[in-house]
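Hi,

Here is the structure I promised to send over. Have a look at it first, and then read on for my notes.

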Amino acid sequence: MGCGGSQPVQPELPPNPAAYPPLGREAARIFTLLDSDGNETLDMAEVNKLRQKPSLLEQLEGADKSHDGKVDMKEWLVHVQKLCKAEDGELGAAMLLHEMEEELMWKPTLAVALKLWSMLDRDGSGEVDEKELKAIKTYGYLRGEDIKMEYLDMNKDGKLQKSEFMAKVREHFDAKPTMCRIFIEGAIKELERKARGLAIQDGK
Ligand SMILES: [Ca+2]
Ligand SMILES: [Ca+2]
Ligand SMILES: [Ca+2]
């Protein structure tokens, strides 16, 4: 003890997103969306969730400063900060983060919303009528969501068109993205559960 010239290793401070203005917190949020396993580093598979949009991947080039094939939170924040100082400035960086969120959150929500739509429109008429909508009324009621026809039917023709449905989904998503997806997935499960119940009854 007490001998040798080795310096005590300073533990690296956890990166504080607030120290990377103006988009630090936003960038940290998107990082956690990408970091599926929550180990606070992004590996290739996690970054590849954006592969459908090569333009997004391109803008992430160079983020892996340490060249270990992974991007940690600090590298990520530094990269976003660098983008803020690039030609397109803060707006460019903000747009990039927004596009990433669309890719990571909206796209999967859109997929389940379309599934729910096709389950609701049981007769495949391209519209959902009162009777079809009733299938998820109880579910909505239990979850405190207003899924009455009057609320959804914007052109007041007594039926729900796909465009109206998608507009409401988007509205809900913009207000509460995670809730929106969970709600839709729950509604699908509810419909599947009911369908199974009916199948059992029919099988008697
Ligand atoms: Ca990870
Ligand atoms: Ca229908
Ligand atoms: Ca309508």
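This is a predicted model, and its chain holds 10 helices and 4 strands. In sequence order the elements run α-β-α-α-β-α-α-β-α-α-α-β-α-α. With a radius of gyration of 23 Å, well over the 17 Å that the globule rule gives for 204 residues, the chain is more spread out than a compact globule. The C-alpha trace spans about 85 × 45 × 30 Å along its principal axes. Buried residues make up 18% of the 204. Of the contacts between residues at least 6 apart in sequence, 59% link residues at least 24 apart.

The element I looked at in detail is α4. This helix covers residues 73-84, 12 residues in total, and reaches 17 Å between its first and last C-alpha, close to the 16 Å expected at 1.5 Å a residue.

Which residues of α4 are buried? They are E75, W76, L77, H79, V80, L83 and C84. An α-helix has 3.6 residues a turn, so residues three or four places apart point the same way. The partners that the buried residues of α4 pack against are α1 (24-34), α3 (54-59), β2 (71-72) and α5 (89-120).

For the pairing with α5, the two helix axes come within 7 Å and cross at roughly 135°, which makes α4 oblique to α5. On the α4 side the contact involves V80, L83 and C84, and on the α5 side G89, E90, G92, A93 and L96. Sorted by type, the residues of this contact are 5 nonpolar, 2 polar and 1 charged.

Best wishes

How values were computed: Residues numbered from 1 in each chain as written. Chains lettered and ligands numbered in written order. Predicted model: local features only at pLDDT ≥ 70, side-chain atom pairs only at ≥ 80, totals over all residues. Rg over C-alpha atoms; globule rule 2.2 N^0.38 Å. Buried ≥ 20, exposed ≤ 12 C-beta atoms within 10 Å, placed from the backbone. Contact = placed C-beta atoms within 7 Å. Expected span 1.5 Å × (residues − 1). Axes fitted to C-alpha atoms, helices over the stretch in contact; angles between N-to-C directions. Parallel < 35°, antiparallel > 145°, perpendicular 65-115°, else oblique. Nonpolar A, V, L, I, M, F, W, Y, C, P; charged D, E, K, R; others polar.
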